[in-house]
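Let's take a friendly walk through the side-chain contacts of this model, starting with the aromatic rings and moving on to charged pairs and helix faces.

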Amino acid sequence: MPELSDAGYTRQSFLDMCNGQEEFARECFYAVDWQCPETWIDEQYRHNEWQHCPHCEKIYDMAGEPCACPICGRNPEEVEHADTESERRPSEPGGL
């Protein structure tokens, strides 16, 4: 549970924050101890560890290097009309 918080997180909470993708929800669950999961997830996007593909709507692992989506093969930089990071990422509970 995150420090200074009374909120608890369930398996479904992690799945919801990770676009329903089990692999990413599991990674997040095991990575956080005192940190809010939402903050940890935001850091994954900021540090190019994760990317959200606007074409197939899936999260994928970039391992710090920008790359095309391994699921659909599209490059997220080719998104039309996505001017901000929030338009390239899925909606997340908590208003990330």
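## Aromatic pairs

Rings of Phe, Tyr and Trp (for Trp, its six-membered ring) count as a pair if their centres lie within 6.5 Å; planes under 30 degrees apart are called stacked, over 60 edge-to-face, and the rest tilted. With that rule, a search of the whole structure turns up six aromatic pairs. Y9 and F14 make a tilted one, with 5.9 Å from centre to centre and 55° between the planes. For accessibility, buried means under 20% relative accessible area, exposed means over 50%, and partly exposed lies in between (1.4 Å probe, protein chains only). Y9 is partly exposed at 27%, while F14 is buried at 6%. Y9 and F14 also belong to one aromatic cluster with F29 and Y30.

W40 and W50 form an edge-to-face pair, 5.4 Å centre to centre and with 80° between the planes. This pair links distant parts of the chain, since W40 sits in helix α3 and W50 in strand β1 (residues 50-52), ten residues apart. Helices (H or I, at least four residues) and strands (E, at least two) are DSSP runs, numbered from the N terminus.

## How the model was read

Please keep in mind that this is a predicted model: local features need pLDDT of at least 70 and side-chain atom pairs count only at pLDDT 80 or more, whereas totals for chains, interfaces and linings use all residues. Residues are numbered from 1 along each chain as its sequence is written, and side-chain values use heavy atoms, with hydrogens and water left out.

## Salt bridges

A salt bridge here is a side-chain nitrogen of Lys or Arg within 4 Å of a carboxyl oxygen of Asp or Glu. By this rule the count is three. One of them joins R11 and E22, at 2.6 Å from N to O. R11 lies in helix α1 (residues 11-17) and E22 in helix α2 (residues 22-31), eleven residues apart, so the pair connects distant parts of the chain. R11 is exposed at 56% relative accessibility, and E22 is partly exposed at 35%.

E22 also forms a salt bridge with R26, where the closest N and O atoms are 3.8 Å apart. E22 and R26 are four residues apart in helix α2, and therefore about one helical turn separates them. R26 is partly exposed, at 41% relative accessibility. R46 and D42 make a salt bridge of 2.6 Å, N to O; being four residues apart in helix α3 (residues 37-46), they too are separated by about one helical turn. R46 is partly exposed at 46%, but D42 is buried at 19%. Through shared partners, salt bridges join R11, E22 and R26 into one network.

Which residues of α2 are buried? They are F24, A25 and C28. Seen down the axis of α2, the buried residues fall within an arc of 100°, so they line one face of the helix; the arc is that of the directions from the helix axis to the C-beta atoms. On the other side of α2, E23 and Y30 are exposed.

What do the buried residues of α2 pack against? They pack against α1, α3, β1 and β2 (59-61), where contact means heavy atoms within 4.5 Å.
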